[in-house]
Amino acid sequence: MRSRAGSALAISAAAYLIGAVPVAQIIARLRCGADLRQMGTGTVSAGALVSVSGIGTVVTAGALDVAKGMAGALIASRAVSPLPAATAGATIAGHNWSPFLGGAGGRGFSPAVGALAVLAPEGAAVLIAGVAAGRVIAGDSAIGALAAYTVLPIVLHRTRGRTGTLTAMAVLIPMLGKRLAGNRRARGADAYLWRLLYDRDQRPKS
């Protein structure tokens with residue numbers, strides 16, 4: 001029993017460290033010496049590279065972040081539930097709160113897509129569709145992402161039962177946690193509301 005618990009802990013720790021590799025920060029440093037933590041909202045993600053590098057690096061960083069999520073899920077994909085879900089959550093938590101960045105990180109979307117592509121592909125489709133719909137319909141991918149987060153547990157519960165629900169919650173908890181916490185101190189209590197709704201500290205101008 002202790003051996004099994006120790007193995008589960010080691011696998012989750014490995015998944016966390018995989019997620020913690022700050023791909024976007026490494027690319028930004030190598031390309032132009034930029035520190036993404038000091039720019040904009042301080043988010044370290046593929047999207048943040050737009051302001052300092054070309055679209056090619058954005059695509060590369062995004063693909064590698066998706067690959068992190070896939071790798072974290074794959075190391076436990078054949079294990080008994082709830083370990084695969086736990087490793088998915090650990091990978092996303094590592095990406096969002098990287099020890100290599102002093103606790104800074106991304107929002108977890110790309111590694112979440114990667115993890116779900118392995119554990120529940122329909123869940124990855126929900127996230128991608130939500131962001132795309134938000135961009136097209138509302139002109140804001142953050143709103144679409146929030147809608148996808150709401151739908152994800154319902155979809156995965158219907159398709160995979162209890163295991164699907166566990167997977168959805170393991171993915172969503174670190175993503176919503178980072179969405180609220182951000183990478184900078186919130187300016188006032190209302191900032192948390194705008195972070196939840198719009199993923200930014202202020203209500204966007206209409």
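**Exercise 1.** Determine which residues lie nearest the centre of the second largest pocket, and how its lining divides by residue class.

*Solution.* The second largest pocket is lined by 14 residues, and those nearest its centre are Thr41, Arg184, Arg195, Arg200 and Asp201. A pocket here is an open set of points, on a 1 Å grid over the protein atoms alone, where a 1.4 Å probe fits, with protein on both sides within 12 Å along at least five of seven lines, and lining residues have an atom within 4 Å of a point. The space in this pocket comes to about 250 Å³, a volume being the space filled by probe spheres set on the points, which are joined across faces, edges and corners. Its lining divides into no nonpolar, five polar and nine charged residues, where Asp, Glu, Lys and Arg count as charged, Ala, Val, Leu, Ile, Met, Phe, Trp, Tyr, Cys and Pro as nonpolar, and the others, Gly among them, as polar.

The model is predicted, so that local features need pLDDT of at least 70 and side-chain atom pairs count only at pLDDT 80 or more, while totals for chains, interfaces and linings use all residues. Residues are numbered from 1 along each chain as its sequence is written, and side-chain values use heavy atoms, with hydrogens and water left out.

**Exercise 2.** Describe the largest pocket by its volume, its central residues and the elements that line it.

*Solution.* Begin with the volume, which is about 900 Å³ for the largest pocket. Of the 34 residues that line this pocket, Ser45, Gly47, Arg107, Ser141 and Asp199 are the closest to its centre. Two or more lining residues come from each of helix 3, helix 5, helix 6 and helix 7, helices being DSSP runs (H or I, at least four residues) numbered from the N terminus.

**Exercise 3.** Find the partner of Arg107 in a salt bridge, and state where the two residues lie and whether each is buried or partly exposed.

*Solution.* Arg107 forms a salt bridge with Asp199, their closest N and O atoms being 2.9 Å apart. The pair links distant parts of the chain, with Arg107 in the loop between helix 4 and helix 5 and Asp199 in the segment after helix 8 (190-198), 92 residues apart. The term salt bridge requires a side-chain nitrogen of Lys or Arg within 4 Å of a carboxyl oxygen of Asp or Glu. Arg107 counts as buried because its relative accessibility is 17%, whereas Asp199, at 22%, is partly exposed; buried means under 20% relative accessible area, exposed over 50%, and partly exposed in between (1.4 Å probe, protein chains only).
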